[in-house]
Amino acid sequence: MGQVSASLLSWPGETVWLRVDVGLPMAARREAARLARRIGIDEERVGSVEIAATEAATNLQRHATDGALVLRVALEGAHASLDVLATDTGPGIADLAGALRDGASSAGTLGVGLGAIARLADVFDIHTLPGRGTAVLARFHADRHRPHAGGVEFGGLTRPIGGEEMCGDTWAVRYAEERATETGEDPERALPRPVLAMMCDGLGHGPQAARAGEVAQEAFRTSRATRPQQVLEDLHRAMRGTRGAAVAVVRADFARGRLEFAGVGNTTTCVVTDGRRTSLLSSPGIVGAHLPRARPVSADAGPGSVLVMHSDGLNDRWAADGFPGLFARRPPVIAAQILRDAGARRDDIGVLVLKEAPPR
């Protein structure tokens, strides 16, 4: 993707997918160190990144049926972090509590174990389904004292179709409204601001699909609209002359328990609450070619609700109750586990997850 202004809260940063093979630990160490230095992580912390990436890669190599190590620059406004995310298709971890004890390690690994990776990382999370697979997240902040966006946490993944380096699927998150100080509201008493989230699936694959995604992302960034249908209209005007895309936009206000949605084309948007999934339906059309006038859809987002948006690179028939305990985890882990189960199609893939941030 091209350069994007930091006025966006988040968008896909540089992402490296490394498949399981004999050279995975060495490649993981090298690429993790490169990305860590690029975002300004200091040399002492680069060493911790290298340990975490190598250990995660070695565990995948020795114990996973199949899987990948994902190294991703995670962006939150002007702040960057590095995600080391291991995802596999089995066999899962039968004794998770034991595996997380500091110093516990599988034979042949570095010997630091998951517990020590958790201690090295600024953010650590894990979810495992015995017999199906595990996702492990270790996040390292470039600025360890960075402020949090507040009110909402988010994370997503993109992966191009095999044989392509550029992905036509993309996503972005930005604030929907001005800061309280700009509206005259007392910032100490103000609820967290709503955010707007976009999922875009550029038609086809390769550079032209990626170009449609880049135009959509830039239009999303510069749009002054605060409602999903208005954002879609801005994107539609900007994307004329591109291949066009399927696009979904959600205004998420978790503090007030409300979502507002508008979508055109074949993407999936749903709300997961208490193990139940509620889908928000898009209208037929192509943003950039034919934009219907759709009536915005509203939905409840009560405590514990999770918003999931993804392209049709993932099968939309996944069941929320098929992932026990998953939706209490961090968004990148949720995204990785859904992608592992539902991303079997040969296509570009984009998935984005948002939820209310826990109290600090």
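**Entry 1: terms and overview**

I take a helix axis as a line fitted to C-alpha atoms over the stretch in contact, and angles run from 0 to 180 degrees between N-to-C directions. I note that I am working with a predicted model. I looked up the overall make-up of the protein chain. I found eight helices and 15 strands. The chain has 360 residues, and buried ones make up 56% of them.

**Entry 2: helix 2 against helix 4**

I looked up how helix 2 and helix 4 (residues 113–120) pack. Their axes are 10 Å apart, at an angle of about 150°. Angles over 145 degrees count as roughly antiparallel. Helix 2 and helix 4 are therefore roughly antiparallel to each other. I recorded the crossing of helix 2 past helix 4 as left-handed. From helix 2, the contact uses Arg45, Ser48, Ile51, Ala52, Glu55 and Ala56. From helix 4, it uses Gly113, Ile117 and Leu120. I sorted the residues of this contact by type: five are nonpolar, two polar and two charged.

**Entry 3: a residue of helix 2**

I picked Thr54, which lies in helix 2 (residues 43–63). Is Thr54 buried or exposed? Its relative accessibility is 9%, so I log Thr54 as buried, the cut-off being under 20%. Where does the side chain of Thr54 reach? It comes to 2.7 Å from the backbone oxygen of Glu50. Thr54 and Glu50 are both named in that pair.

**Entry 4: surroundings of helix 4**

I went back to helix 4 and checked burial. Six of its eight residues are buried, so helix 4 is largely enclosed by the rest of the structure. The buried ones are Gly113, Leu114, Gly115, Ala116, Ile117 and Leu120. What do the buried residues of helix 4 pack against? I found helix 2, helix 3 (96–99), strand 4 (123–129) and strand 5 (133–141).

**Entry 5: helix 6 against helix 7**

The axes of helix 6 (residues 206–222) and helix 7 (residues 228–238) come within 9 Å and cross at roughly 135°. Helix 6 and helix 7 are therefore oblique to each other. Their crossing is right-handed. Helix 6 brings Val215, Ala216, Ala219 and Phe220 to the contact. Helix 7 brings Val231, Asp234, Leu235 and Ala238. By type, I noted seven nonpolar, no polar and one charged for the contact of helix 6 with helix 7.

Terms used: Residues numbered from 1 in each chain as written. Predicted model: local features only at pLDDT ≥ 70, side-chain atom pairs only at ≥ 80, totals over all residues. Heavy atoms only, no water. Helix = DSSP H or I, 4+ residues; strand = E, 2+ residues; numbered from the N terminus. Buried < 20%, exposed > 50% of the residue type's maximum accessible area, 1.4 Å probe, protein only. Polar contact = N/O pair within 3.5 Å; in protein donor to acceptor, adjacent residues only side chain to side chain. Parallel < 35°, antiparallel > 145°, perpendicular 65-115°, else oblique. Left-handed = near helix turned anticlockwise from the far one by under 90°. Contact = heavy atoms within 4.5 Å. Nonpolar A, V, L, I, M, F, W, Y, C, P; charged D, E, K, R; others polar.
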